Every structure is written in structure tokens, then in C-alpha cells.
Amino acid sequence: MNEVHHEDVAAYALGLLDDDERNAFERHLHGCPSCAGEVGAFAAMGELMRDVDPDDLRAGPVDSELDSPVESLLVRRAAVERRRRTLHRGLMSAAACFLVATGVFLAVNAATSGPNPDSVHSPARALLMTGRTYPVNDPATGVSGVVGVEDKGWGTHVALELKGVKGPLKCRLVAFGDDGRSETVASWGVPDKGYGVPGAPDPLLLHGGTSLTQDDLNHFTIETLDGRILATVQV
């Protein structure tokens with residue numbers, strides 16, 4: 001059985017023990033807080049000694065303020081390590097500045113040349129992807145799109161994708177029940193350039209709600225505020 005000494009902590013941290021000695025010392029560490037605390041300090045010295053050529057340890061000119069060639073070598077290695085870390089921090093700072101600048105550029109670019117924000121409304125898009133959908137298509141007005149619905153405890157959540165409308169218009173989406181009751185789901189304005197038309201190809205996306213449940217719904221109308229019907233959607 002290998003005899004373990006407290007002095008072995010340095011040899012263990014520097015990787016100088018053989019397999020049996022290392023295993024014995026690791027068992028010793030579990031019951032010796034003092035040695036366990038010292039391992040970290042000696043491990044740092046091991047990092048400084050890593051990749052050192054043994055020839056570097058031969059006797060040579062020694063700084064008068066240092067005790068040995070090994071101590072001199074450790075100081076030199078520490079200085080090199082400090083310079084390496086300083087360079088690393090500089091490079092990381094430059095990289096961070098580059099990423100920030102890139103993010104600003106992408107944000108500005110997206111704001112100036114990205115898709116119409118009226119066309120990327122995420123709650124509406126999510127509902128159109130996961131809910132029950134009904135097509136919108138009126139050949140007479142040229143209006144097209146999709147209506148999506150999902151049940152809620154308070155009624156029905158409704159989403160609309162709308163194309164083929166030119167402005168200026170004030171519009172609304174109205175839900176009608178089987179009993180003839182009607183409720184406005186949402187209202188919006190259409191700018192001069194319109195939605196889903198030549199020159200403004202992106203659709204309008206919006207969402208709203210009605211207290212009517214899906215079982216009670218009969219149809220939707222897309223209409224102007226003065227009552228002109230642009231499209232009717234049966235459900």
C-alpha cells in the first residue's frame with residue numbers, strides 16, 4: 001500500500017505521481033481539507049510549467065533577487081501568461097465591438113429594408129399556423145386572405161391575413177353568430193399603398209376576438225366602416 005504524505009500535494013498537482021500514487025493521494029484528498037485547498041494553488045503553477053522544455057530548467061544566469069532557475073522560469077512564464085491574457089482581452093473587446101456594430105447595422109437595415117411590420121404580427125401568424133383556417137376570396141373586389149380561429153375561455157380568438165386592398169380605407173372584421181348577433185373583431189386603416197397589391201406585396205396581419213364561440217359562429221365579413229362589403233367568409 002502506498003504511503004501518502006501531505007507534501008505529495010505539489011507532485012500530484014504537477015502530475016508527477018505514478019498511477020498508484022495518484023489514486024492513493026486522491027483517496028487521501030477526500031479526508032484532508034488542507035491538501036484539497038492547496039491543490040488549486042499548485043495546479044496554477046502546473047499551468048505555467050506546461051509545455052516547458054526540460055532544457056529550460058538547466059542552470060543559467062539567475063536574477064539576484066530570485067532563489068533558483070526554476071523560480072526565475074516561473075516568473076518569466078507568469079509574465080508571458082499575463083501578456084497573453086492582455087492580448088486575449090483586447091481581442092475579445094474588439095470582437096465585442098464588432099458584434100455590437102454588426103447588430104446595430106442589422107437592426108437599422110431591417111428597419112429600413114425589411115418586411116412591412118404590419119405583415120409580421122407574430123400572434124396572428126401563430127394562430128394562422130395552428131388554428132382552424134378559412135380562405136378569404138372575393139373575385140369582385142379582388143380581396144383575398146385567410147381567417148384563423150381558436151377556442152378561448154372567453155370566446156374565440158381570431159386572426160386575419162388580408163391581401164388585395166388599396167387605401168385609403170377604414171375597415172373592420174365583423175363576426176356573425178347563428179342567432180344573427182354581430183360583434184366587431186378588429187378595425188384598422190389601410191394606407192394609400194395598400195396591402196398585398198403591386199408595389200406593396202406584403203399582406204396585413206392582425207388579430208382580435210369575439211365572445212361568440214366557434215360553435216355559434218356563422219360567418220365573418222370584411223367591410224369598410226361605411227358598410228361596403230369587401231369579402232364574406234363562411235365558417
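Trainee: This is a predicted model. Which residues have the most contacts inside the largest nonpolar core?
Mentor: That core has 27 residues, and those with the most contacts inside it are Val147, Leu160, Leu162, Leu173, Trp188, Phe220 and Ile222. Two or more residues each come from E1, E2, E3, strand E4 (169-177), strand E5 (182-190), E6, E7 and strand E8 (229-234).

Trainee: What makes such a set a nonpolar core?
Mentor: Its members are buried residues of nonpolar kinds, such as Val, Leu and Phe, joined through side-chain atoms within 4.5 Å. In soluble globular proteins, nonpolar side chains tend to be buried together.

Trainee: What does Val147 touch, leaving aside its neighbours within four places in sequence?
Mentor: Val147 is in contact with Leu128, Arg132, Thr133, Tyr134, Val136, Val158, Ala159, Leu160, Phe220 and Val233.

Trainee: Which residues of helix H5 (residues 122-130) are buried?
Mentor: Ala124, Leu127 and Leu128 are buried in H5. They cover an arc of only 100° around the axis, and therefore sit on the same side of H5.

Trainee: Why do residues three or four places apart in an α-helix point the same way?
Mentor: Because an α-helix has 3.6 residues a turn.

Trainee: What do the buried residues of H5 pack against, and which exposed residues are on the face turned away?
Mentor: The buried residues pack against strand E1 (132-138), strand E2 (143-152), strand E3 (155-163) and strand E6 (204-210). The face turned away from the buried side carries the exposed residues Ser122, Met129 and Thr130.

Trainee: Why is Cys171 called buried?
Mentor: Buried means under 20% relative accessible area. Cys171 has a relative accessible area of 1%, so Cys171 is buried. Cys171 lies in strand E4. Not counting residues up to four places away in sequence, Cys171 touches Ser187, Trp188, Val190, Glu223, Thr224, Leu225 and Leu230. The C-alpha atoms of Cys171 and Val190 are separated by 7.4 Å, with the two residues 19 apart along the chain.

Trainee: Why is Gln214 called buried?
Mentor: Gln214 has a relative accessible area of 17%, and the cut-off is under 20%, so Gln214 is buried. The place of Gln214 is in the loop between E6 and strand E7 (217-224). Among the residues that Gln214 touches are Arg132, Val149 and Thr156.

Trainee: How many salt bridges does a search of the whole structure find?
Mentor: The search finds 5 salt bridges.

Trainee: How do you know that Glu161 and Arg125 form a salt bridge?
Mentor: A salt bridge needs the nitrogen of Lys or Arg within 4 Å of a carboxyl oxygen of Asp or Glu. For Glu161 and Arg125, the closest N and O atoms are 3.1 Å apart, within that limit. Glu161 counts as buried because its relative accessibility is 11%, while Arg125, at 30%, counts as partly exposed.

Trainee: What makes Glu223 and Arg172 a salt bridge?
Mentor: Their side chains meet at 2.8 Å, N to O, within the limit of 4 Å. Glu223 lies in strand E7 and Arg172 in strand E4, so the pair ties together parts that are 51 residues apart in sequence. At 8% relative accessibility, Glu223 counts as buried, whereas Arg172, at 23%, counts as partly exposed.

Trainee: How do you know that Asp179 is exposed?
Mentor: Exposed means over 50%, and Asp179 has 58% relative accessibility, so Asp179 counts as exposed. Arg181 counts as partly exposed at 35%. The side chains of Arg181 and Asp179 meet in a salt bridge at 3.7 Å, N to O. Salt bridges that share partners join Asp179, Arg181 and Glu183 into one network.

Trainee: How do you know that Asp138 has no salt bridge?
Mentor: The nearest side chain of opposite charge, Arg228, is 9.1 Å away, and the limit is 4 Å. Asp138, found in strand E1, is buried yet has no salt bridge.

Trainee: Which backbone nitrogens does the side chain of Asp138 reach?
Mentor: The side chain of Asp138 reaches the backbone nitrogen of Ala140 at 2.9 Å. The backbone nitrogen of Thr141 lies 3.2 Å from a polar atom of that side chain. Each distance is within the 3.5 Å set for a polar contact.

Definitions and conventions. Residues are numbered from 1 along each chain as its sequence is written. This is a predicted model: local features need pLDDT of at least 70, side-chain atom pairs count only at pLDDT 80 or more; totals for chains, interfaces and linings use all residues. Side-chain values use heavy atoms; hydrogens and water are left out. Buried means under 20% relative accessible area, exposed over 50%, partly exposed in between (1.4 Å probe, protein chains only). Helices (H or I, at least four residues) and strands (E, at least two) are DSSP runs, numbered from the N terminus. The arc is that of the directions from the helix axis to the C-beta atoms. Contact means heavy atoms within 4.5 Å. Lys and Arg count as positive and Asp and Glu as negative; His and the chain ends are not counted. A polar contact is a pair of N or O atoms within 3.5 Å; within protein, one must be able to donate a hydrogen and the other to accept it, and residues adjacent in sequence count only if both atoms are side-chain atoms.
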